[in-house]
Amino acid sequence: MTPPSAAPATEAERQRALDALHIVGSLPEPAYDDIVKVAAAVCGTPMALVTLIDRDRQWFKARTGLDGMQTERNVAVCDHAIRQPDQLMEIGDLAQDARFADNPVLNDIGARFYAGMPLVTEQGAAVGSVCVVDVTPRELNAVQRDALQALARLTMTLMESRSRERDQQVAAILDHAVPAEEASPDPASAYTVVILELQDLATLAQQLGERTLDRHLQQLDVALEQCLQPDRGDSLNRVTGSGEFIAVLGSAHAPDTVAAFETVADDTLQRLGTPLLLGAASTDRGESTTAVFLRADQALSAAKQRGH
């Protein structure tokens, strides 16, 4: 949990921390499904969720006892919970709380009780919560509160471990694509890193089925590969188990290839109804591959912020 003396992250910092996890919209994972089952069982509630508070929505990484995969952020109780990262938020009767008495989503599911523990990164950014919901007013006991806090810590550990695994794979991709001797000021060593990320895989998997989605991802891989010019050292790799692709392009005509990627993104949106967002960064200053990649990742976050 965040130390009491730590200054709360700004919304921009909080959103960057969430983006860096690359987990919003990801495919279901059994570990998170187990967490909500345990939360509901320990707290004796019909509903439990692992929520992530994105720009304008609350997205559910895992849920039990509730349909749907997301809500608008402005009706999310968890959006209030993350404002105090070091505290469990417990509301004994939502109908008696002026903030939530007229909440259409809560009224629709008959929610009367809420308890949520924020998910807080190592840097102190609250990105979501592990929460439980009941249809009758009540309160948790001390053991249940401790359990919910422990499950939030476990969930955050899983998310950050998953993020580190991705970072290691990305580093391996970049090391292979950009030889160490190219980390020099020589203009001939200029290159561009492009990150392409298909949004909301979980929704697509629900709509299409995971096998069909995998076929679409394979087709997307082929379409992106066809944009490359291998004779100048272009390469493309997909991050395992995700809709994220990383391309490293040679200096000559890189803008043309990026434009070709954007055409594939337009086609993908038309075909699947889901955006393929892109972030790119170039260097000719002998910059480290990590620094170039981080700039590309920031550009991807900016594309998410714009919503296209």
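The buried residues of α1 (11-21) pack against β1 (47-53), β6 (126-134), α5 and α9, where buried means under 20% relative accessible area with a 1.4 Å probe and protein chains only, and contact means heavy atoms within 4.5 Å. This is a predicted model, in which local features need pLDDT of at least 70 and side-chain atom pairs count only at pLDDT 80 or more, while totals for chains, interfaces and linings use all residues. Residues are numbered from 1 along each chain as its sequence is written, and side-chain values use heavy atoms, with hydrogens and water left out. Helices (H or I, at least four residues) and strands (E, at least two) are DSSP runs, numbered from the N terminus.

**Helix α1**

- The buried residues of α1 are R14, Q15, A17, L18, D19 and L21.
- Just after α1, H22 has a positive phi of about 50°.

**Largest pocket**

- A pocket is an open set of points on a 1 Å grid over the protein atoms alone, where a 1.4 Å probe fits, with protein on both sides within 12 Å along at least five of seven lines; lining residues have an atom within 4 Å of a point.
- The largest pocket holds about 590 Å³ of space, a volume being the space filled by probe spheres set on the grid points, which are joined across faces, edges and corners.
- Its lining comprises 25 residues, of which A20, S163, D167, L294 and D297 are the closest to the centre.
- Two or more lining residues come from each of α1, α5 (142-177) and α9 (289-306).
- The largest share of this lining is that of α5, with nine residues.
- By class, the lining of the largest pocket has nine nonpolar residues, seven polar and nine charged; Ala, Val, Leu, Ile, Met, Phe, Trp, Tyr, Cys and Pro count as nonpolar, Asp, Glu, Lys and Arg as charged, and the others, Gly among them, as polar.

**Second largest pocket**

- About 350 Å³ of space lies in the second largest pocket.
- Among its 23 lining residues, H22, R162, T240, G241 and S242 are the closest to the centre.
- At least two residues of this lining are supplied by each of α5 and β7 (191-198), and α5 gives the most, with four residues.
- The lining of the second largest pocket has seven nonpolar, nine polar and seven charged residues.

**Four-stranded sheet**

- An open sheet of four strands has the order β8-β9-β7-β10, with antiparallel pairing; two strands pair if DSSP finds at least two bridges between them.
- β8 (235-238) and β10 (276-283) are the edge strands, each pairing on one side only.
- From one strand to the next, the twist averages 15°, with axes as lines fitted to C-alpha atoms, for helices over the stretch in contact, and angles running from 0 to 180 degrees between N-to-C directions.
- Helix α5 packs on the sheet and touches β7, β8 and β9 (244-250), and its direction makes about 20° with that of β9.
- Antiparallel strands β7 and β10 are joined by eight bridges, and L198 has L276 in β10 as its bridge partner.

- Six of the eight residues of β2 (57-64) are buried.
- β1 and β2 pair in the antiparallel sense over six bridges, and a hairpin joins them through three residues.
- The bridge partner of A48 in β2 is T64.
- Three bridges pair β2 with β3 (70-72), also in the antiparallel sense, and R57 has E72 in β3 as its bridge partner.
- The hairpin of β2 and β3 has five residues between the strands, and G65 in the turn has a positive phi of about 80°.

Key:
Buried < 20%, exposed > 50% of the residue type's maximum accessible area, 1.4 Å probe, protein only.
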